[in-house]
Structures are given as C-alpha cells and as structure tokens.
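Subject: Structure handover

Hello,

Here is the structure you asked about. Please open it next to this message. My notes follow below.

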Amino acid sequence: MEDIVFERCQIVNNLLIAEKENEARQELIRLLDFHESNKIEYTPLLNHLIRETGLFPYLEPKTSNWEERFVFDVFKVDVGEEKPLTLHREQSLLLKKLLDGKNIAVSAPTSFGKSFVIDAFIKIKKPKNVLIIVPTIALTDETRRRLYKKFASEYKIITTTEVELAEKNIFIFPQERAINYLNKVESFDIMIIDEFYKASKNFDKERSPSLIKAIIQLGNKSKQRYFLAPNISSLEENPFTREMEFIKLDFNTVFLEVNEIYLEIGKNEELKTEKLIGILKAQDTKSLIYAGTYSNIDVLSNIINIRFEEKNSVLLNNFSNWLSKNYSYNWSLTNSVKRGTGIHNGRLHRSLSQIQVKLFEEEDGLNNIISTSSIIEGVNTSAENVILWMNKNGRSGLNDFTYRNIIGRGGRMFRHFIGKIYILDKPPASEQTKLDLPFPEEILGGLDSENDIGVLTKEQVAKIQYYQEEMSNILGVDIYKKLKNEGVFQSSDSEFIKDIAVDMANNPSEWNGLSYLNSSNRDKWDKSIYRIINLKPGYWETKSSTFVAFIKVLRDNWFKSIPELLKSLEPHNVGIDDFFKLERNVSFKFSSLVKDVNTLQKEILKSKNYDISPFVTYVSHAFLPSVVFQLEEYGLPRIISKKIHAAKIINFYDRELTIHRTIEIFNEIGVEVIKEKVNLDEFDKYILDYFYDGIKINNNLIV
C-alpha cells in the first residue's frame, strides 16, 4: 500500500514539475479518494502536495510539517460560521480582490465553493447594502437560508418586494424583483450576479433582457460588482462588464470520472433502461438523473415505480402519504418517493422542491432525484453519481456549456472526492463558450437617456428619446416621467408596453368591464381575462379557455384543498403537473401582465374608474393570503399554514402582517408550541422543523 501511495505521489510531483498543475490536482484528488476508501492516514509528503496544488482545505494539520500547518491557519477566514474555515488558493485570490474593491467577473467550476467567498466578504468588509441577484426563486431561498443563519442578527435579509428597509440589508432576488428596489435604495456597496451568463439570449431568451436591465440600472447604484458563472472560456467586449476584470479559473476540488455508456447502448432503449437500473442498484449512494424534458421525468418515474421495490423507510412513507393526502394520490411522485426517488423541476411548488432537496441530504431519505435543468439553476446540491439520460434541454439539444454544468454536479468537497458521471446519450461536441452579451433593443424604452448613457450609443439614445415622446403623447409628459421614475412596469419589453398603451388610447371601449375583475362573481371575469391574455397569444402553455377556467377555479385556493381544486378542473383535463405549471403562470406571468395593464388603464381610461389593484394582488399570490404565498418560498407549504391559521396561532387575514413580522412571530412562539397546539401529522412536523431551521441565526432562534 505504501509503495502504491508513493508511486502516485511521484506522478503528481512530476506533473507539477512539468507545470501541468490542473492535471496534478486531478491526480491528487484521486489519490485522496484512495486514502479515504482505504482509511489511510495522510503523510507529510501528501500534505505537501496538497499545499502545492492549492487545495488548502484538504490539509491534515496533525500529519503536516510546520509549513503546511502555517498555510492551513493563514488561509482561514471568518465566513460567519462557528469556526473560521480554510479557503483554497483561488478562493483566497478572489476574496483579496473583492476586499481591495475590484470589480470582477469570474468563471469557476461548479465545485469551486463560491459561496464562501461571498460570506467572507460580508463578514470582513461589513458592507451596508448587499444585492445578490440569483436566477431562480429556489436559489433565492437556498441563499437566504445560508445567509440568514450567519448574518440575520446584523442585517435584514430581504427576498420579497415592498419590504421596509433596515440600516443594513442583504437583498436576495431574481432580477425581476430586484428592479423594484431601484428607487428605494440610495446605493449598494456590492452587486453580486450569480449565473451571469443568463444575461445572454443564447442561454435565457425570455428573461435575459430583464437581467441586462438590472445590470445597467442597479449597477449604476453599485459601488462594486462581482459576477459569477461556470464554464466560460472568454467574455466578449460589451458595455455591461466594462471596467470589470474577467478571471477564468479551472480549479476543481473534485475529480469527475466520466463513463461513456452511450457507446455500448446505441439506439437500444431497453438496454439503456437496464443500464440505468444497474447503476442505481449497484451501490447505495446519491444520484442526480438529468431527464432532459418534462415528459422524460414521467418516463423515468415509471421505470422507477415498476422496477424498484419500496424502501420501507418510515420517513419516505410518511412523505408519500402526505403527498397523496395534500396533492394527488394518482401522482407518480407519490409512488416514486417510497422507492427513494424524487423529482425536481421549475414548475413544482417551491416548498415541495426544497423538501425533496432536504430529503436528498438525509441518509435515510431520497437516493435519487430526477430533474430537468432546474437542478443546475435552482439549487446548489450535488451527488456522487450524475446520470445523463438524454441529450436534450426541453425541445432543444443540450449545448456543451449546459452539459458541463450538469456533470459538474458530480462529487462534493469532503464527501465524494470522485464524482461518477454516467452518459447514457451521446453528449454535445466539446466547444469553447465565448459569452456574448448583445444589447436587447426591447429594454431601450425602459432606460434613461441621461442616467444610463454610459452603456448607450448615440443611435440608442435617439431611440429612447423618440420612445419617450411617443409615450408622453399618450400619457402626458408628467405622468410618463412619474411612471418611468417609479419603475412600475413589470415587462422588460418597452415596445410591448407601448402597444398596450396605443390600443387603450385608440380602442377604449374594448377595455370596458375591467372593474368586474374585482367582483366575487367569477362569471363576469371572462371577457377581461380573455382580453388580457390575448395580448400575448401562445404564452400560457395551454388553451386560452383552459387558462381562464383555471384562474376562476384557483379563486378558491385558500378555501379548498388541492385535491378538491383538481376535482373541479377535471372537465378541463388539468392534472397535478398541469396545476403546478398553470398556477406558476398565474402568479408570475399573468399577474405581471395584469399589473402593467392596470398601471396604464388608470392613466389612459381615467373616466372609467377601473382600478383592479385588488385583483392584481390576488393573482400575484395565487389567491392565497400574501404571507402564506411568501412562506412557501421559505419552505412552509400552504397546507401547514392553513392549519396554523385554523388553530388561531397566526391570523393570515391580517393585512398589516408582513413576512418579516411573521418570522418574528414564529420564533416568539417556538416550534414545540405549534406542534402542541396545531393538528399536524408526522410529516407536517418534519417540514416544520426544516422550516424553523431556515429561520435560525447560528443555530439560535431569534428572540
């Protein structure tokens, strides 16, 4: 054994001498896995090689020489946890640049450990206002949970709109919410954009304009900028990252062992299925299965449900019963969780996704998660195994960038030195990813020709001025200026906003009856809802008649259970998966559109008195009390909130109740009191414990 270790140390050393540090680091990580598997103690030589490759957190001080012990201590920083943590060399490099006030755009691998750099910066620099823009609501909650425990005693952690600010604030938002604070915060000490590649239309056609708009307008108020992305080879010249240093880091902390099983499978689907089953049954470990499409999630769930026995786990059986009771007994997830397999996609209720990720972390919880690309966009989880079932990303083929991001979820620092990657479908051709950030013309009307001039050409300034003249002619100069300065429009497409305004001004009678949307008589809603959704035909992922019917049934969301709502939707063939998709479209896409319609009609159709603000509020929270809807983002499902309300513990009808006050109330009451006074089943209690874990500061509840 000693001879094997020495020979492999010699290989690492020779690679270092040849200045092939990345290869040396990869070989060293495999050697560390060999030590872990065989319970071998680290030697001074091994520790020396760890230092030479920059993997300082892996150093073992007890068996190190004084030089390595010195490095282990010198690279320790306070990241807000109970004890300082040792950063690796490249983390320390980035932290130093940030502390020096530099603006940097970084490409680093998934396993890099970027969150430690952010946390250390906040702890050391103590900025007043920190803005963190993340791509999804799921990642918002994950980031909030991490930072809440560390910094909530010093900062107000803000993840929703319309929140009163404190002296020191950490804002964590998707870009659409971030814009709401443009005129509420004088300046940000640092603006952090996570997954900033999504500012390119090549990676997010629908939402990239709103991210570019946030980068421009919020960047103007930010003293420092820090942009993060994986797998970018170069950053094309653009006005949005001007004066930012681009740093490309190929610094992996785990080794990826890629198994190209597709070469022996070919087009044989039966063999492909058998290979998948063989991988999952070969060892008791955690696997992420990338499905590629929503329909493949169903295919894979059926394979699991047919070919795998139930685990007889009390925890998973409780979860299955809970899903059956509160969502649908006829749902594939209800069966697959008993077999140790969950699902993750962007349509599920936020709390459901979070609960499954939590169960995936449990030793006796889920072994597998079947996912779309949401697993790489929505959470920072990883597993020993990553299985690529199909080379697809929705309707499109998988590009090399996304492929590398998916397989980068394999392995985890201190848990799995080696990530095992199983490729069951031919991967995309390898290519360099040059990030190009062209200017989206549709946001021009929402910009200011004076404040935002730093990123604009003369032609773009002229277009903005012409747009402003057109809108001023419709709304009046003062009103247009007021709306623009308040940043009230939800759509980032300013031409679309103008089209609505022109239609209202030219065809006011077509908008008659909007006020009926405030009525409790849902039969009077049809005309106005059709009028609004037809502004964006084909946008709602279902037939118009189904979407209108769904909105009317969703009106009972607080008063009926989801199984009861599904019963009402049976004539429209809306199942549980459709329910998640359509509810998300109502609370996000539809509510944003209705809000813009209301903003315009209040100024253009003044004589009609059509203010539908109450309806806007209802749809933006999926007809739930606003705090209940927000609590789902914190990991507390509406099912439990309803029980707490019924037990008169918290009155969710209270219009003065805010999410931050609600969190204070929860902590004042305490988890045990709620368990005692509310009629909860066993899995309700498990969820409640998880929820409370997310509102703690350093494991001590707020008082």
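Predicted model: local features only at pLDDT ≥ 70, side-chain atom pairs only at ≥ 80, totals over all residues.

S509 sits in the loop between α20 (494-506) and α21 (526-533).

R145 is part of helix α7 (residues 137-151). Its relative accessibility is 9%, so R145 counts as buried. The cut-off for buried is under 20%. Leaving out residues up to four places away in sequence, R145 touches Q354, Y634, G635, Y690, F691, D693 and G694. D73 is another matter. R145 and D73 are 72 residues apart in sequence, and their C-alpha atoms are 28 Å apart in space.

K552 belongs to helix α22 (residues 544-554). K552 is buried too, with a relative accessible area of 18%. Which residues does K552 contact, leaving aside its neighbours within four places in sequence? They are R522, D523, W525 and D526.

Helix α4

Helix α4 covers residues 66-74, and its buried residues are E68, V71 and F72. These residues lie on the same side of α4, because they cover an arc of only 100° around the axis. W66 and F70 are on the other side of α4, and they are exposed. What do the buried residues of α4 pack against? Their partners are α3 (44-52), β1 (76-77) and β2 (85-86).

Strand β8

Strand β8 runs over residues 225-229. Of its 5 residues, 5 are buried, so β8 is largely enclosed by the rest of the structure. R225, F227 and A229 point one way from the strand. Y226 and L228 point the other way. All of them are buried.

β8 pairs with two strands that I looked at. Here they are in turn.

- Strand β3 (residues 104-107) pairs with β8 in the parallel sense, over 4 bridges. A105 stands opposite F227 of β8.
- Strand β7 (residues 190-194) also pairs with β8 in the parallel sense, over 4 bridges. D194 has L228 in β8 as its bridge partner.

Strand β6

Strand β6 spans residues 169-173. Buried residues make up 5 of its 5, so β6 is largely enclosed by the rest of the structure. Which residues of β6 point one way, and which the other? N169, F171 and F173 point one way, while I170 and I172 point the other way. Every one of these is buried.

β6 has its own pairings.

- Strand β4 (residues 129-133) runs parallel to β6, and 5 bridges join them. I133 has F173 as its bridge partner in β6.
- Strand β5 (residues 156-158) pairs with β6 in the parallel sense, over 3 bridges. I157 stands opposite I170 of β6.

Cavities

How many cavities of 30 Å³ or more does a search of the whole structure find? The search finds 4. The largest cavity holds about 110 Å³ of space. Its lining is made of R347, L348, H349, R350, F580, E583, R584, S587, F629, E632, E633 and R638. Two helices, α24 (576-604) and α26 (626-633), each supply at least two residues of that lining. α24 gives the most, with 4 residues.

- R145, buried at 9% relative accessibility, with its contacts, among them Y634 and Y690.
- β8 between its residue pairs, including A105 with F227 and D194 with L228.
- The largest cavity, with E583 and E632 among its lining residues.

Best wishes

Definitions and conventions. Residues numbered from 1 in each chain as written. Heavy atoms only, no water. Buried < 20%, exposed > 50% of the residue type's maximum accessible area, 1.4 Å probe, protein only. Arc of directions from axis to C-beta. Contact = heavy atoms within 4.5 Å. Pairing = 2+ DSSP bridges. 1 Å grid on protein atoms, 1.4 Å probe; cavity = no way out; pocket = protein on both sides within 12 Å on 5 of 7 lines; lining within 4 Å. Points joined across faces, edges and corners; volume = space filled by probe spheres on them.
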